[in-house]
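User: Can you walk me through this model? I'd like to start with the packing and then jump around.

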Amino acid sequence: MFSSPTVRTSFIFLAIALVGLLFADIAITASNPWRDLGNFFLGVVTPNFFSSEGLLTALLRTVAFAFVGVALGGIAGFLLALVYRSLPVRIFCAFVRAIHELFWALIFLQFFGFHPLTGVLAIAIPYAGIFAKVYSEILEEADPEPGRALPPGTGNITAFLYSRIPDCWVKMRTYTAYRLECGLRSSAILGFVGLPTLGFYLEASFSQGLYSDAGAMLILFYVLIATMPLWVRPKLLPLYLLGAPFFLGDGLPIVWGNVQRFFTEDIVPAPLRYGEGLTGLMPWLTDLVVNEALPGIWNTIVLTQIALVATGILSLLAFPLISNHFGGPLRRNAGHVALVIARSTPEYILAYILLQLWGPSMLPAVVALALHNGGIIGHLIGRQTNSIKLRPDAVTGFSRYSWELVPRVYRSFLAFLFYRWEIIMRETAILGILGIYTLGFYVDSAIQNIRFDRAMVLILVTALLNIGVDALGRYIRRKLALQTMPTC
Amino acid sequence: MSGFDLSGLTASFNGKRVIGPLSLTVHPGDKVALVGKSGAGKSTLIRLIHERVNRDSSLIPQDLGIVNALSVFHNVFMGQLDKHATWYNTITLARPFARDRAEVNALLKSLGMTEKLWTPAASLSGGQRQRVAIARALYRNASVLLADEPVSALDGPMANSVMTLLRDRFSTSVIALHDVELALNYCTRIVGIQDGQIALDQPSANLVASDIMFLY
């Protein structure tokens, strides 16, 4: 078994995670975590939909920010996809998508303040980078034959519209719809930094112990996402897109002086700002790297590796829940609901809730990341097993799982897992804002202390770390010859 | 232009020469059938000729080059994309003009598939897809036809009526055919390809099927 490279790779990652556990801060520090968890679940089963009129507004704002942000990101991403061959464009896209929506929001908050533009750009910019990459991959996969059969002298635009777009249309539409769902999650968590979306009200209800209000919000959010196929219809889309900008709220006006100050003063490293020159810059940078960047990077990597392996284990345990090869329709439907809830809940919200209940440590983050990502991968793998036809006399039960199914889906399972590696790291970094000592923690503290120069350097470090893991993940996938589709 | 004189045609695959060097002169009015066993280089030769004469030819490639997501109408309309402005083509993509609709419809009628005008190409059978590619070449309305096994997926009567149509609509043509009977019946000149070289070049009036068999 160990001669197979996929198995060897799996055990190497498992070993890394186990070593990581020795260093990780895994604990439940709350005085009475199980009572709090019980109260929370009691809140979810006794939701209070009528506590404040703010709830519906928050829902509306969440949808509006998602639509405007994803639409702008989609348009920009499509245009970038057309010139994606150019190396500077690829580097630019990799860079903007390596920075999490919440980091973008934190940056824009500093100079646009609580203006709708902050939330819209925080979604649109990283999404443009993601769209550019995926759209260009889809366009590249289009069948080249029709293009060759076109009459010579056909204009470029006409050729593109007739021979490329139709072939890619369905895939692009599916991916964009999936991104809209992600956009709703992103939009919801923007509330945690103060924008008027669901996260804001969730945090408010939680901090006051109003679990029934928080439960109502979560339920409405699941319903919103689960019913997307019903209300996101091609015919209604223009209506939504034209209407959404009017429902972003007014926020506060932009003070252009702040914008100027941010770029000309705030983000200039302090030693340079105060005229200490390069001699002052070195100690400043050393201090930043030794005391913040390195501990942040270390914690981010440790947490990422543990969360990655936990995600993998959970996915392998979860996929039978929706697989046709086990149990009856009743259990499968229940499995579907469980996995939809797991993947619809933004990991940030899950981590926030668990952190409130269990107290600060890496444990809530690991569980949140594993639940969310394990839900996604488990769902994809489960669906894949449904297309597998077993011989009529195949074994049943656990042997069927371990002999017939896992060996068949293991490669695509690993492909999805390595694909999500970078996503998990991006999330791990951002969870620092909640008080876990990953890079996000140091970014957030620097911003709290109005030291934007340090925050910008740390965000840059985070982006480079993400780009590095993305490259490593792609290298491993290529080495093991693992294929994935982009929609994961 | 409807005839052409090509020399020095060569093609290599994986460093191995599969065609030529050979020369081929096609006079206006020639209806050439390329015959030879599979792998002899017929498709490669069609491709080489197409690269040389490009603008004035209607092409039916072996893999058809059909856009699956577009309707039959749009696939046929693609034959004249170069004759219209970009805005015209773009509007046609969303809502075709009545004149074009009528024209394409008439063309499909001659191929016996009018009822399929708005069917996406993805849901057509192999024979129907081939007829869409033929309709596109007819719609293109060039003076020269370059076709690679254009009737391979059609049944006998349909193959004959399509070959008649192609013979009547194009004054000059080069058609790769594995069916020797069709080649003799619908073409005026038979060019036999063997090991990437021309092994036979005769008016079809001088030949009977058994004269060609040595190629296979």
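Predicted model: local features only at pLDDT ≥ 70, side-chain atom pairs only at ≥ 80, totals over all residues.

User: How many residues are in the largest nonpolar core?

Analyst: The largest nonpolar core has 135 residues. A nonpolar core here is a set of buried Ala, Val, Leu, Ile, Met, Phe, Trp, Tyr and Cys residues joined through C-beta atoms within 7 Å. Buried means 20 or more other C-beta atoms within 10 Å of the residue's own; exposed means 12 or fewer, and partly exposed is in between, with C-beta atoms placed from the backbone. The residues with the most contacts inside this core are A:Ala351, A:Ala365 and A:Leu458.

User: Which helix gives the most to this core?

Analyst: Helix H19 of chain A, residues 397-431, gives the most, with 15 residues. Helices (H or I, at least four residues) and strands (E, at least two) are DSSP runs, numbered from the N terminus. At least three residues of the core come from each of domain 1 and domain 2 of chain A.

User: And what is A:Ala351 in contact with?

Analyst: Leaving aside neighbours within four places in sequence, A:Ala351 is in contact with A:Pro364, A:Ala365, A:Ala368, A:Leu431 and A:Leu434. Contact means that the two C-beta atoms, placed from the backbone, lie within 7 Å. There is also a second, separate core of 62 residues, which includes B:Met78, B:Val104, B:Leu138 and B:Ile193.

User: Back to the domains. Where are the bounds in chain A?

Analyst: Domain 1 is 1-30 + 271-488, and domain 2 is 53-266. Those bounds come from an automatic or database domain assignment. The C-alpha centres of the two domains lie 22 Å apart. Across the boundary, 22 residues of domain 1 are in contact with 27 residues of domain 2.

User: Which helix has the largest share of the domain 1 side?

Analyst: H21(A), with 6 residues on the side of domain 1 that touches domain 2.

User: How do H4(A) and H21(A) cross?

Analyst: The axes of H4(A), residues 87-98, and H21(A) come within 8 Å and cross at roughly 115 degrees. Axes are lines fitted to C-alpha atoms, for helices over the stretch in contact, and angles run from 0 to 180 degrees between N-to-C directions. The two helices are therefore roughly perpendicular. Angles under 35 degrees count as roughly parallel, over 145 as roughly antiparallel, 65 to 115 as roughly perpendicular and the rest as oblique. A:Ala94, A:Phe95 and A:Ala98 of H4(A) make the contact with A:Ala463, A:Asn466 and A:Ile467 of H21(A).

User: What about H18(A) and H19(A)?

Analyst: The axes of H18(A), residues 362-385, and H19(A) come within 9 Å and cross at roughly 150 degrees. That pair is therefore roughly antiparallel.

User: Now the two chains. Which residues of H8(A) meet H3(B)?

Analyst: A:Ile157, A:Thr158 and A:Leu161 of H8(A) meet B:Thr86, B:Asn89, B:Thr90 and B:Leu93 of H3(B). The axes of H8(A), residues 156-190, and H3(B), residues 86-94, come within 9 Å and cross at roughly 15 degrees. That makes H8(A) roughly parallel to H3(B).

User: Is A:Tyr162 buried or exposed?

Analyst: A:Tyr162 is buried, with 25 other C-beta atoms within 10 Å. The residue lies in H8 of chain A. Not counting residues up to four places away in sequence, A:Tyr162 touches B:Val67, B:Met78 and B:Leu81.

User: And B:Ile60, where is that found?

Analyst: B:Ile60 is in strand E4 of chain B, residues 57-60. With 26 C-beta neighbours inside 10 Å, B:Ile60 counts as buried. The C-alpha atoms of B:Ile60 and B:Leu145 are separated by 8.0 Å, although the two are 85 residues apart along the chain.

User: Last topic, backbone angles. What is phi of B:Leu64?

Analyst: Near 70 degrees, a positive value in a residue other than glycine. Most residues other than glycine have a negative phi. B:Leu64 sits in the loop between E4 and helix H2 (72-77) of chain B, and is buried, with 21 other C-beta atoms within 10 Å. A:Ala481 also has a positive phi, near 55 degrees. A:Ala481 is exposed, with 10 other C-beta atoms within 10 Å, and is found in the segment after H21 of chain A.

Note on methods
Residues numbered from 1 in each chain as written. Chains lettered and ligands numbered in written order.
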